[in-house]
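Let's work through some side-chain contacts together. Have the coordinates open and try each task before you read its solution.

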Amino acid sequence: MPTIFPGAGQVQVPAVLAGELLRAAERLPDYDNKEYYSLDLQASVRERIHRACPEGFSRLIEQIRARIARRPYCALVQGLRFDAGNRLFVALNKAFGDLVARPYEKPRAQLVHYIQPATDLPSARGGHYETEKFHTDTADWETPVELISMQCVRADHGGGGRSLVLDIDTLRAAVKQRLGTETLALMERAPVPWKLPDYCGGGLVWRPVLTASSVCWRRYSIDFSQRDINTELPPALDAFERVITSTPPRTLNFAMRENELLFINNHRTLHARTPVSSKGGRDRLMIRSWIRTDKKPPRTPGYKLENREQALTAPSLTE
């Protein structure tokens with residue numbers, strides 16, 4: 001059922017600050033999307049916009065950071081005004097870490113990525129688009145990115161394309177209630193295979209889909225990896241998927257509006273969207289970035305190992 005985004009997770013940007021940030025962004029040169037792959041350019045854009053209104057910029061970042069740190073581990077920023085060249089978008093994201101992406105390849109891979117219904121991936125298992133199923137971004141990287149941001153440029157005026165966010169606390173409670181404590185413990189210690197893409201060096205990562213403090217889930221990637229190495233998946237995986245697809249109570253279900261900016265903790269939530277409407281949905285446009293907040297991301301709970309036995313004996317798997 002549709003919900004209102006919780007007030008404790010909202011950040012309201014004063015109109016004066018929004019205007020100052022926009023003017024600072026528009027004073028900068030226009031950059032091509034490819035140029036933003038440069039970490040030096042990302043830093044320069046952030047520093048120059050920050051310098052134009054240091055107190056307001058820093059206060060805004062701290063407000064966002066505080067909201068992401070607590071349940072439901074996401075923040076909805078309202079009141080901003082964005083420039084057409086995405087300079088303010090890049091600057092705000094860079095304040096949390098490095099913007100990263102797979103190698104540039106339009107329309108599916110850009111650092112500042114444009115998400116439109118026309119470029120959605122069809123479901124590998126039939127039915128809906130993959131974006132309509134709960135998932136973790138970069139789940140097939142050795143360590144998924146820590147943070148995702150999405151800016152709404154054009155909403156689905158037919159009422160579709162609502163954002164869904166399922167936080168780890170809600171998910172763990174639902175698994176415990178419906179599948180039992182033993183199944184919850186099994187999910188924490190039973191690693192599944194994730195085949196790394198060639199641009200990440202290839203190979204396999206074994207990691208559980210659920211731990212005490214993180215969740216990593218994208219079923220089609222797990223199935224693809226399982227077929228490639230011909231291994232059996234934990235029996236509880238299908239039941240776990242049914243819990244997720246049932247949309248447990250307290251799952252956020254809200255419509256983003258133009259110029260709203262959403263930050264999501266990619267390790268502590270799953271996200272999806274509802275189908276776009278047949279009338280007014282095809283024009284829907286979101287801009288997304290992946291943010292690596294840890295300069296040296298931990299290797300756990302993922303392991304670049306070739307079999308489940310090695311992953312099961314890795315000491316930090318159960319820490």
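W141, Y199 and W290 form one aromatic cluster. This is a predicted model, in which local features need pLDDT of at least 70 and side-chain atom pairs count only at pLDDT 80 or more, while totals for chains, interfaces and linings use all residues. Residues are numbered from 1 along each chain as its sequence is written, and side-chain values use heavy atoms, with hydrogens and water left out.

**Exercise 1.** Classify the ring pair of W141 and W290.

Step 1: recall the rule. Rings of Phe, Tyr and Trp (its six-membered ring) pair if their centres lie within 6.5 Å; planes under 30 degrees apart are stacked, over 60 edge-to-face, and the rest tilted.

Step 2: apply the rule. The centres are 5.5 Å apart and the planes stand at 85°, so W141 and W290 are edge-to-face.

Step 3: W141 lies in the loop between β4 (113-115) and β5 (147-154), and W290 lies in strand β12 (residues 285-292), 149 residues apart. Strands (E, at least two residues) and helices (H or I, at least four) are DSSP runs numbered from the N terminus.

Step 4: check burial. Both W141 and W290 are buried; the term means under 20% relative accessible area, with exposed over 50% and partly exposed in between (1.4 Å probe, protein chains only).

**Exercise 2.** How far apart are the closest N and O atoms of R172 and E188?

Step 1: a salt bridge needs a side-chain nitrogen of Lys or Arg within 4 Å of a carboxyl oxygen of Asp or Glu.

Step 2: the closest N and O atoms of R172 and E188 are 2.6 Å apart, and the two form a salt bridge.

Step 3: R172 belongs to helix α5 (residues 168-179) and E188 to helix α6 (residues 181-189), 16 residues apart.

Step 4: R172 is buried at 19% relative accessible area, whereas E188 is partly exposed at 24%.
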